[in-house]
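User: I am new to this structure and would like to go through it in short questions. Please start with one contact between the chains.

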Amino acid sequence: MHDAQTKLRETAKDLLVSAKVDLVLGFQNGSLPLRTRPCFARNAADAGRLVWNRLCTNNLAVYLPRLFEKPANVRGPWTPPKVAVVAKGCDARSIMGLVKEHQVIRENVVIIAMPCQGMISLRKAEAAGASARTSKLDGDDLVAQACLECIQPSVPGANIIIDGPSRSAASDRFQRVKDFEALTAAERWQQFVAQVSKCIRCYACRQACPNCYCKTCFIDQTKPSWAGVGDDPTDLLLFHIGRVFHQAGRCVECDACVRACPVGIDLRLFTQKLVKDVEELFGYVPGTSLEEAPPLSTYRPDDSECFITDP
Amino acid sequence: MTLGAIKKEHLGQLVAAVGAHGGFYGPVLRDNDVCLDQVQPSDTLVLDYANFTLPPKGLFFPRSEVIATHGADGMVETPLPTGKAVLFGVRPCDAMSLTYLDKVFMEAQFADPYYRARRERTLTIALACRDPAATCFCTSVAGSPSGQGGADILAVDIGDALVLESATPAGEAFLAEYRKLLGRPSDNQVKARDAQVAQAVRKVSSIGSDGVTARLQASSESAAWEELAERCLGCGVCTFLCPTCHCFGLYDEEVGPQGRRVRAQDACVFPAFTLEASGHNPRTRQGLRMRHRVMHKFCYTAQSFGDIFCVGCGRCIVNCPANMDIRETLTEVPP
Ligand code: SF4
Ligand code: SF4
Ligand code: SF4
Ligand code: SF4
């Protein structure tokens, strides 16, 4: 782990000093125990602050679309930056998706593939108490559910590979979804409503998600306005159904929304249900390749329609 | 100033006695989290929490509320809340935040009838902190882990009992009304309380924010704001969770043939907050939005209300998904 960090710093420094990239997006130590924070490294000194450990949870791909957008205050021609990203498997899958959706210029991104052993879940660590925080940081006890269920800890599309111990892919990640599917429609609805009624509409789930790059989210539109602003259950449900369904065939299961939610809503269950549906109906796993077209932007005569006719 | 004391095991009786006359809101477990909620007969009060994720402002100034409906009969305003309520267990920082919200919603040029009705019907019993969190910095912003500001009564946990002290006439009246349950503390209990208060305040670290208002004011053109905001995701966590953030919008919504007027909290970190009808937005970048949020709390309110509108609760630090830390912002933004 420490070797990987040393190599990462050297790599980042080389990239910046040789001007191969303008920016390295990575992690630095945070201000709280068990927290790192995103680091925008622009020079050798910044590169020396980069860290790599099991607390590098954020999905840094979220910052890419805005870096490739011409800033409002720039007039005349503008050259998009060259950006290196310190990437886990999930971050790189997000980048693949963003490239396919034309939000990221592939040639301008250097993916630095990191060895990932699974990231620590802050919630699990807090629940385990202070002593466990230090003693259990190495095993799988405090690893986030999303990482325990990760199908691809290796990094797709890597430009530079930093070696180190990494976890192996999970075989069955859908147990919770299967349990959920086994419930009656009424029970599933009840569970969904119980979860989303806790929502305070802070939109952290949306803002932390690399896929939510829309200039104006449907929930913020006013002409027409699709939902009310308050906590009327209809409006809360509409936001969540809209958010979740816009992730179909796109969510890479990085857990960014779950981590960001301040009130601990089980968003993963609902996005994962769609992930499973898309995988089963269209045989598509988001972010694994650059070539395969996303199911929602292609049409095949034999496409499944059962989700419309038999919900 | 009147004193009272109650054994922890008798708190349920107090809840029941008060509950007979109105609502009793206190710290209870909901979905494995300690929250402030109306206490039900099946609930047990929880007393060992650092603080709640959501601030108490929602009880007075909810995330959203329907203030009027309109239909064939014209506009019907939502009736003001009535009846008495007791709010028990807010931390002193959050109690303090209510005094700031009062300045905005009750003491400024226009009083807000809904906020005022809820505040006036509520008696607030703050619970002093035994173990302030590492992110607490109340003592740097005019507070204290056993501050009485904003509370009618301050309760201090001395282990097996709570020692109460009134801070307002309403608090005094409450102690008198429930004297049977809230007996007078023994000398030893008072000593234990004083020791508790003294140890807690030592646990809160100072963030060195002296002169912050002037310093920030000089920083308004600093490039540091853009650099800082680079990692900000522009979510509403820091504003909606902040006990003193108080911006709101009014919205007319259609519901079938009827309409409703909704007042909902808004957040200055969202681009739509300053979006004008013409389509122009004066705050184009996240740096400008973040600067506004910090300046509003630490400069503008200091100028217009005489107080910094931050109580040091640390919610924005703990919950920010990008680990922005207001303590760093305050001390590190250069002019
Ligand atoms: S982060 Fe959580 S509380 Fe905030 S909008 Fe999303 S689901 Fe709701
Ligand atoms: S900021 Fe102060 S009053 Fe608030 S919870 Fe922390 S120690 Fe208590
Ligand atoms: S909580 Fe953090 S990321 Fe969200 S708007 Fe506030 S500072 Fe930005
Ligand atoms: S700015 Fe942050 S620390 Fe200050 S009162 Fe608001 S949430 Fe608490």
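User: With which residue does B:Arg260 form a salt bridge?

Analyst: This is a predicted model. In it, the closest N and O atoms of the salt bridge made by B:Arg260 are 2.7 Å apart. The partner is A:Asp232.

User: How many salt bridges are there between chain B and chain A?

Analyst: A salt bridge here needs a side-chain nitrogen of Lys or Arg within 4 Å of a carboxyl oxygen of Asp or Glu. B:Arg260 and A:Asp232 form such a bridge. Between chain B and chain A the count is 5.

User: Which elements of chain B give two or more residues to the side that touches chain A?

Analyst: The side of chain B that touches chain A has 16 nonpolar, 7 polar and 10 charged residues. Both helices and strands of chain B give two or more residues to that side. They are helix H9 (237–240), strand S10 (248–255), strand S11 (258–265), helix H11 (315–319) and helix H12 (326–332).

User: How much area do chain B and chain A bury between them?

Analyst: The contact takes 33 residues from chain B and 31 residues from chain A. B:Glu230, B:Leu233 and B:Asn323 supply 24% of the area that chain B buries against chain A, more than any other three residues. Carbon and sulfur atoms account for 51% of the area buried between the two chains, which is about 2600 Å².

User: Which residues of chain A does B:Glu328 touch?

Analyst: B:Glu328 is in helix H12 of chain B. Leaving out residues up to four places away in sequence, B:Glu328 touches B:Arg231 and B:Val333 in chain B. From chain A, B:Glu328 touches A:Ser31 and A:Arg37.

User: How many residues apart in sequence are the parts tied together by B:Arg118 and B:Glu65?

Analyst: B:Arg118 and B:Glu65 form a salt bridge, with the closest N and O atoms 2.7 Å apart. B:Arg118 lies in helix H4 (residues 113–120) and B:Glu65 in strand S4 (residues 64–71) of chain B, so the pair ties together parts separated in sequence by 53 residues.

User: Which residues come nearest to ligand 1?

Analyst: The shell around ligand 1 has 11 nonpolar, 1 polar and 1 charged residues. Helix H10 (204–207) and helix H11 (233–245) of chain A each supply at least two residues of that shell. Of the 13 residues around ligand 1, those that come nearest are A:Cys199, A:Cys202, A:Tyr203, A:Cys205 and A:Cys261.

User: How many residues of the shell around ligand 4 are charged?

Analyst: The residues around ligand 4 include B:Cys242, B:Cys310, B:Cys313 and B:Cys316. B:Arg293 and B:Lys297 are also among them. By class the shell divides into 7 nonpolar and 2 polar residues, and the number of charged residues is 2.

User: Where is A:Pro224 found?

Analyst: The peptide bond from A:Lys223 to A:Pro224 is cis, with omega near 0 degrees. A:Pro224 is found in the loop between H10 and H11 of chain A.

User: What is the value of phi of A:Glu253?

Analyst: A:Glu253 lies in the loop between H11 and helix H12 (256–260) of chain A. Phi of A:Glu253 is positive, in a residue other than glycine, and is near 60 degrees.

User: What is the mean pLDDT of chain B?

Analyst: The model scores ipTM 0.95 and pTM 0.95. In chain B, 100% of the residues reach a pLDDT of 70 or more, and the mean pLDDT is 95.

Conventions
Residues are numbered from 1 along each chain as its sequence is written. Chains are lettered from A and ligands numbered from 1 in the order in which they are written. This is a predicted model: local features need pLDDT of at least 70, side-chain atom pairs count only at pLDDT 80 or more; totals for chains, interfaces and linings use all residues. Side-chain values use heavy atoms; hydrogens and water are left out. pLDDT is the predictor's confidence in each residue, from 0 to 100. A residue is near a molecule or strand if one of its heavy atoms lies within 4 Å of it. Helices (H or I, at least four residues) and strands (E, at least two) are DSSP runs, numbered from the N terminus. Ala, Val, Leu, Ile, Met, Phe, Trp, Tyr, Cys and Pro count as nonpolar, Asp, Glu, Lys and Arg as charged, and the others, Gly among them, as polar. Contact means heavy atoms within 4.5 Å. Buried area is the accessible area (1.4 Å probe) that two parts lose on being put together, summed over both.
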